[in-house]
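Okay, quick one from me today. Have the model open while I talk, and stop me whenever you like.

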Amino acid sequence: MARGSGLQKTLVPAVPTRIPAAETPGQGLATPLIIGAILVAGLYLGREILIPIAIAVLLSFVLGPLVNLLRKLRIGRMAAIVLAVLTCLGIVASLAGIIGMQAAELGTGLPRYQRTIERKLDTLKSGVLGDLAGYVRSIGRHIQQAGAMPEEKAPPADAKPAEPRVQNPEKPVLVEVRSPDLTPLQLAERVLAPAIGPLATTGIVFVVLIFILAQREDLRDRLIRLVGSSDLHRTTVAMDDAARRLSRFFVMQLALNASFGLAIGIGLWLIGVPGPIMWGIFAGLMRFVPYIGAFLAGLLPLALAAAVDPGWNMVLATAILFLVLEPLVGHVIEPLLYGHSTGLSPFAVLVSALVWTWLWGPVGLLLSTPLTVCLVVLGRHVEKLEFLDVLFGDQPALTPVENFYQRLLADDPDEAQELAETILSTCSLSSYYDEVVLKGLQLAASDARRGVLTEERLERIRTAIDELVTDLADREDETPAEQPGLAGRLLARRDAELPCDATPAVRDAPSPEALPAAWRQKGAVLCVAGRGPLDEAASSMLAQLLEKRGIGTRVVPFDAVSRSQIHSLDAQGTRMVCVSYLEISGSPAHLRYLVQRIRRRLPDAQILVGLWPADDALLADSEARASLGADAYVSSLRQGVEACLEAAGQEAAPVPAAEEPRRPENTPNPVPAGAPA
């Protein structure tokens with residue numbers, strides 16, 4: 001996708017051709033809530049059916065590349081599907097058998113493990129913990145003695161002694177209840193009943209998986225018909241791209257987690273912890289649980305190591321194994337494979353884990369991240385489901401322009417500065433000014449014209465822009481080079497597409513020393529602000545960019561070129577006048593009169609008008625531009641800088657400043673020979 005202004009979302013939606021019916025208060029919110037409640041209830045009540053289907057869908061993304069590989073080997077479609085499913089089923093059955101055998105082996109050693117734990121507890125009680133417990137008990141006795149009540153008075157002499165209680169001399173009769181011996185059928189039912197449910201679920205999963213792989217194109221077409229039949233090409237490309245991305249992501253995640261489990265199993269085997277294969281499989285599965293899965297997987301091996309080894313060496317080795325492997329995989333290997341991110345925000349990962357666990361139990365916890373990733377991918381590719389990407393995706397909910405303007409409204413210049421630093425890590429300064437700041441100022445100017453912004457808030461916005469421009473004064477207007485190597489890939493942030501392109505900041509810009517001396521003097525270019533409340537900020541940015549190219553500038557407010565003040569304008573040495581307008585509301589007559597006043601005051605200077613909204617009607621109407629009387633029109637600060645540099649390059653070498661005679665205040669500038677009027 002090409003970068004640039006095309007990446008910006010439409011800020012003002014198109015006016016609908018049909019006016020919707022009036023809604024009663026709360027009606028717009030009630031309908032989504034009702035639909036959401038129905039979906040949640042359906043997910044909860046239908047979990048027995050939906051869980052196998054969800055597992056089958058996820059497995060289809062994993063087995064899809066294998067099926068395609070078998071098809072390339074000239075194996076029939078159904079044969080490739082059956083072979084892939086049988087391979088997966090064989091792997092699952094083998095792992096289940098290994099887990100069962102190792103669990104049985106661990107069960108035979110439970111008495112020995114119990115005695116080891118008891119000895120360790122006795123050692124702790126007789127050691128430091130025993131001394132600490134004795135110290136606490138002694139403190140308790142002292143407190144009890146200090147707060148003891150005085151002794152009770154003796155009973156009076158005429159009081160009758162209490163009669164002793166007589167216990168029941170009869171002993172209780174022991175009764176033994178024996179259950180009848182189980183029949184072979186009852187014994188088989190008791191043994192097989194716990195396994196019937198998982199076996200049935202596994203069978204349903206693989207049957208559904210076969211049908212999904214066999215009917216993949218048909219299911220895709222039906223989904224396209226539901227969500228995007230009006231634009232078949234775009235929807236088909238989006239769905240195919242989403243399927244490829246999901247398949248690649250799930251295969252890589254499965255391979256990474258399996259490798260993590262393999263490394264854990266080998267490490268536990270070397271340490272000597274019983275059942276290393278089982279704990280490796282368990283660690284690989286638990287790593288699908290975000291953030292805490294791998295550390296939770298280490299609790300049981302740690303407890304078993306404490307029960308096996310009379311000392312503490314095995315416990316420490318097991319703890320070190322998990323503490324080293326998990327950060328290594330999570331912070332080094334994952335960024336190299338798929339960018340360190342699942343595409344979900346951290347809050348969405350946590351919430352999705354809680355919600356899916358509540359709906360589907362432990363299976364929901366394991367499937368929470370893959371299922372939410374599927375929802376986010378659908379939200380990014382299907383317009384009707386965009387809210388899923390907004391809710392759960394890790395990309396900013398606001399565009400850089402909206403985020404910048406929102407920070408100004410919230411009176412938070414520090415965060416606006418942080419956003420600028422992030423964008424400038426890949427963009428030039430002129431691109432940042434054009435694609436973010438100017439468009440954010442256009443939103444502010446539009447709100448000011450509608451009367452939404454108060455004068456106090458406008459003043460705060462002007463102050464924040466001045467501070468931002470001042471803070472960026474030392475930054476060069478160049479596109480920074482990409483960070484190379486492993487360090488750059490690890491440190492790079494995964495943000496939304498930034499609104500800038502990779503072209504140089506200014507094309508064919510001459511060095512400041514190559515410019516004529518007259519253009520390097522202070523005030524060679526007058527950056528005149530329009531009559532809008534924020535036009536002076538745009539003039540300040542243009543002046544800063546010109547100064548970085550060696551051109552002398554001066555920012556002039558709108559009042560200085562008004563009818564009553566323009567005669568006193570300091571125009572000595574001015575070669576060009578740049579007028580900035582964030583928006584032209586209504587008739588452009590005031591701009592035409594402004595150009596006429598400047599032309600009368602500076603007849604030899606070129607006049608450039610910057611209409612920063614690129615879609616302004618004046619830029620497309622040649623007759624309207626001709627009626628204004630300016631020499632050039634631009635729609636971006638970059639174009640304005642290029643126009644000034646071109647005008648400076650075309651001018652002949654001026655007379656040195658020391659030999660230039662001083663002119664009266666209101667005398668027009670002389671035009672060097674051969675210079676354009």
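**A helix and a sheet**

So, helix α14, residues 362–381: it has 20 residues and reaches 30 Å from first C-alpha to last, close to the expected 28 Å, where expected means 1.5 Å times one less than the number of residues. Helices here are DSSP runs of H or I, at least four residues, and strands are runs of E, at least two, numbered from the N terminus.

Before I go on: it's a predicted model, so local features need pLDDT of at least 70 and side-chain atom pairs 80 or more, while totals for chains, interfaces and linings use all residues. Numbering starts from 1 along each chain as its sequence is written, and side-chain values use heavy atoms, without hydrogens or water.

Where does α14 kink? At S368, by about 50°, shortly before the proline P370; that's the angle between axes fitted to the seven residues ending there and the seven starting there. Both S368 and P370 are buried, meaning under 20% relative accessible area with a 1.4 Å probe, protein chains only.

Now the sheet. It's open, with 5 strands in the order β2-β1-β3-β4-β5, paired parallel; pairing takes at least two DSSP bridges. β2 (553–556) and β5 (632–634) are the edges. The twist averages 20° from one strand to the next.

Helix α22 (535–548) packs on the sheet, touching β1, β2 and β3, at about 160° to β1. Touching is heavy atoms within 4.5 Å; angles run from 0 to 180 degrees between N-to-C directions, with axes fitted to C-alpha atoms, for helices over the stretch in contact.

Key
Buried means under 20% relative accessible area, exposed over 50%, partly exposed in between (1.4 Å probe, protein chains only).
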